Each structure stands twice: as structure tokens, then as C-alpha cells.
Amino acid sequence: MNDDSLRPADERYMRIALELAKGAVGQTSPNPAVGCVLVRDGRIVGLGAHLKAGEPHAEVHALRMAGDAARGATAYVTLEPCSHHGRTPPCADALIAAGVRRVVVGTVDPNPLVAGRGIARLREAGIDVTVGVLEAACRRLNETFNKYIIHRVPFVTVKTASTLDGKIATRTGHSRWITSPAARRYVHELRRRSDAVLVGVGTVIADDPQLTVRLPEGGENPVRVVLDSRLRLPLTARVLTDGEAPTWVVTTARAPAERRRAIAERGAEVLVAGDGERVSIPALLSLLGARGIASLLVEGGGEVNASFFAARAVDKVVAFIAPKIVGGREAPTPVGGEGAAVMDEAVSLRDVEVTTIGPDVVITGYPVWEKAEKTQEGAAGRERHVHRDH
């Protein structure tokens, strides 16, 4: 049979492998989430998922479950089996040794240490390999890993919560609560899946947030990152005193030394990203990447969010919109800063998904930076032309 005749079955089993992998998203960092299903004679004989960095990979769990039934089976793996020795032996070798007849791969591993080598090793051993089944879904599953493994900076998700008229607080600064309990629970799930969560010092001063995961089933807390160019962080803030998670306060080289010492004495790390008046977002992301932060959830106010958009450092947007009207000229909005001059300069989102959580609408999408850059280049050219004519 050719690959086309096998496609329906391949997609059915790959969906099962995807569901296995999704259950571990957020707890494998900096490794990818991977699922594996072993099928022999139309029957599932092994299931596995990678659960934690340093522990056996999905293929190993599935092979252990299958035992001798793995011989002659087809393996469905969401990500190309590894071919290198890391903390664990190569999964490609384990599949070969088990006598697997065929391997169906969702997507090639972008890791330069693998990047097709695992597939090549399987084929050299005489195993039939099919690549690209449900590829888009398999790539999306590990969007964080895919960026981090190549660029060594975190995948940045900006989360906003606003009213129907685009306000994140009232004119007095009151913001609790904009969204429903169901939506806030989902935010805790986003935190659970992230290596770090970031806010500006203004948010800490106004709300004194914990920035922890508070789900009924628990979950590991992310590192808490506070942007604070002038080190205005109150020494009584919960991110400094509760001991629930590590706190990194990011400032500039201009910050007062005595304030650095005072914050460090509270147990936080004070990191420097840039020597200007404000924290440099590119320097910040390089710093976080070097410290193993593969995913960053930005829960900032309008100015912090604007700084990430200005730096073209946003990979994903998750926007909660509550069916409430606040009004007010002075009420803040999700993205501040200077903003676009004309609508053509607005940042568009692609692959947009719209869902509801309780009474709230959730819009998820990915910024299209290429279009924004071309539009701004054109605007700059028009501006130069005007200056020449006048």
C-alpha cells in the first residue's frame, strides 16, 4: 500500500500521539513535548509521552509498554526521533533495536543536533519512514521549543485582559476583576505552561500580584520577572516576600547600587539588561534565553506590552475580552506607547482562533511582523520623499 492509502489511519493514530503530548506541555521545558503510539495489526500496543527533561522520551515509554509486540509494529511519533546522545540514549536506535517496521513522523526536529539525522538513521536501518502527517499541528504543539532551540531566546506570549471598549482598568486604576473566574483559571494554566511570567513594576505597585500557579490540581510556578528600570519595587511586595517562586528583577546599569543590594537581600536576583534609561527588550530576551527560559508569558500593563511590540518581540497574543463597558478618556488600554500613525502600520495577527471561556471571548493569534516592517519601510520612504519636495 502507498502512503495515500495509509493516510486516514496514520492521521487517526497521530492524533492520539498529539493528545498524549499535549498532556505534558509545560512540564518538559526546555525539551519538546512528544507523544508516541505503537500499532501492530491494527491494535495499539504501546503509548508514551515525554514527561520531563532528563527522563525517558515518548518512544521509550511506548516501547516498554509494547514489549515484544513492538517487533513489526508501526510507530507514530509527533516529532522526529532523536539521533544523538543527550541525557538519554537516541530514540532512533531504540526503535531500530525493537524491530519496528515503520515510523510515521509528524514533523522534523528543528534541533540542529537532530534535524533529519534521526529519520536518516531509521531509513539506513531499512525502516519505512513517512514524514509530515498532521505536520502543522505537530509544529504548533512545540512552538516554544521550535524558536528556543534555534534562536536561544524565549517564545514570547503577550496576554491581555480588557473590557469590550478596550480598557484594562478604570480611570482610577481599578482592575479587579475584568474577566470571569473561568478566564482567570485559564491564565493560571498559561502560567503553568510557561517558564517565566513577566510584569512591569507599575503592575506590582498597583496590584501586588503573586504571579503563581493556583490551580486545584497544582502546577509548578514560573520564574517571576519584574521590569524595573529605576528599582522602585516595594520591599514588601509579595514577589519578594512570599517565597513561592524565584523572582528576577531586571533593571539597567543606571540603577542605584543601594537599591540593588536592598532587593537582593530580600532573596531576588537583580539582573541588568541594557545601560539606557529603560530595560532593553532584546537584551532582556538574550539574558533569559541564556538562563534556560524557553517560554515567557508577558502579563504587563499597556507600556510594558508596547515595549515588546515596539521591539517586534511578540510571538503570540492571547487577548481576553470581557463583555463590560468601562469608558473614560484616561482609562488605560492593553497596548500603550506611541502606537501606529496610520492603520496600515497596525500589527495584524495570523492563524487567529476565537473561543469563549464563560462570558469572555478569547482571541489568539500570531503577529505578522514581515508585513509591519514593509509598511513602515514604505512610510519612511514616503516621509523622506515629502521632505525632499519641501
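Visitor: Let's start with Asp208. Is it buried, exposed or partly exposed, and why?
Guide: Asp208 counts as partly exposed because its relative accessible area is 27%. One caution: this is a predicted model.

Visitor: Where is Asp208 in the chain?
Guide: In a loop. That loop runs between α8 (201-207) and β8 (223-227).

Visitor: And what is phi there for Asp208?
Guide: Near 45 degrees. That is a positive phi in a residue other than glycine.

Visitor: What about Asp41? What is its phi?
Guide: Phi of Asp41 is near 55 degrees. Again the value is positive, and the residue is not glycine. Asp41 sits in the loop between β1 and β2 (43-49).

Visitor: Buried or exposed, that Asp41?
Guide: Exposed. The relative accessible area of Asp41 is 76%, and the cut-off for exposed is over 50%.

Visitor: Let's step back. How many helices and strands are in the protein chain?
Guide: The protein chain has 13 helices and 14 strands.

Visitor: What box do the C-alpha atoms fill?
Guide: Roughly 70 × 60 × 40 Å, taken along the principal axes.

Visitor: What share of the residues is buried?
Guide: 48% of the 390 residues in the protein chain.

Visitor: And which share of contacts comes from residues 24 or more positions apart?
Guide: 69%, counting contacts in the protein chain with a separation of 6 or more.

Visitor: Now rings. How many aromatic pairs does the structure hold?
Guide: Three. One of them joins Tyr13 and Tyr76: the ring centres are 5.2 Å apart and the planes meet at 40 degrees, so this pair is tilted.

Visitor: Which parts does that pair tie together?
Guide: Tyr13 belongs to helix α1 (residues 3-22) and Tyr76 to strand β3 (residues 74-79). So the pair links parts that are 63 residues apart in sequence.

Visitor: Are those two tyrosines buried or exposed?
Guide: Tyr13 is buried, at 8% relative accessibility. Tyr76 is buried too, at 4%.

Visitor: Where do Phe309 and Trp369 lie?
Guide: Phe309 is in helix α12 (residues 302-310), and Trp369 is in helix α13 (residues 369-389). So this pair ties together parts that are 60 residues apart in sequence. Phe309 is buried at 18% relative accessibility, and Trp369 is buried at 12%.

Visitor: Switching to pockets. How much space lies in the second largest pocket?
Guide: About 970 Å³.

Visitor: How many residues line the second largest pocket?
Guide: There are 41. Val25, Arg140, Glu143, Arg193 and Lys316 lie nearest its centre.

Visitor: What classes are in that lining?
Guide: The lining of the second largest pocket has 19 nonpolar, 12 polar and 10 charged residues.

Visitor: Which strand gives the most to it?
Guide: Strand β13 (residues 349-357), with five residues in the lining of the second largest pocket.

Visitor: Next, Lys147. Where is it?
Guide: Lys147 is in helix α6 (residues 143-151).

Visitor: Is Lys147 buried or exposed?
Guide: Buried, because its relative accessible area is 18% and buried means under 20%.

Visitor: What polar contact does its side chain make?
Guide: The Lys147 side chain meets the side chain of Asp315 in a polar contact of 2.7 Å. Leaving out residues up to four places away in sequence, Lys147 touches Arg152, Val153, Pro154, Phe155 and Asp315.

Visitor: And Thr107?
Guide: Thr107 is in strand β4 (residues 102-107). Thr107 is buried, with a relative accessible area of 3%. Among the residues it touches are Thr78, Leu79 and Cys138.

Visitor: Last one. Where are the cis peptide bonds?
Guide: One joins Ser29 and Pro30, with omega about 5 degrees. Pro30 lies in the loop between α1 and β1 (35-40). Another joins Arg176 and Trp177, with omega about -5 degrees. Trp177 lies in the loop between β6 (155-163) and α7 (181-192).

Note on methods
Residues are numbered from 1 along each chain as its sequence is written. This is a predicted model: local features need pLDDT of at least 70, side-chain atom pairs count only at pLDDT 80 or more; totals for chains, interfaces and linings use all residues. Side-chain values use heavy atoms; hydrogens and water are left out. Helices (H or I, at least four residues) and strands (E, at least two) are DSSP runs, numbered from the N terminus. Buried means under 20% relative accessible area, exposed over 50%, partly exposed in between (1.4 Å probe, protein chains only). A polar contact is a pair of N or O atoms within 3.5 Å; within protein, one must be able to donate a hydrogen and the other to accept it, and residues adjacent in sequence count only if both atoms are side-chain atoms. Contact means heavy atoms within 4.5 Å. On a 1 Å grid over the protein atoms alone, a cavity is a set of points where a 1.4 Å probe fits but cannot get out, and a pocket is an open set with protein on both sides within 12 Å along at least five of seven lines; lining residues have an atom within 4 Å of a point. Grid points are joined across faces, edges and corners, and a volume is the space filled by probe spheres set on the points. Ala, Val, Leu, Ile, Met, Phe, Trp, Tyr, Cys and Pro count as nonpolar, Asp, Glu, Lys and Arg as charged, and the others, Gly among them, as polar. Rings of Phe, Tyr and Trp (its six-membered ring) pair if their centres lie within 6.5 Å; planes under 30 degrees apart count as stacked, over 60 as edge-to-face and the rest as tilted.
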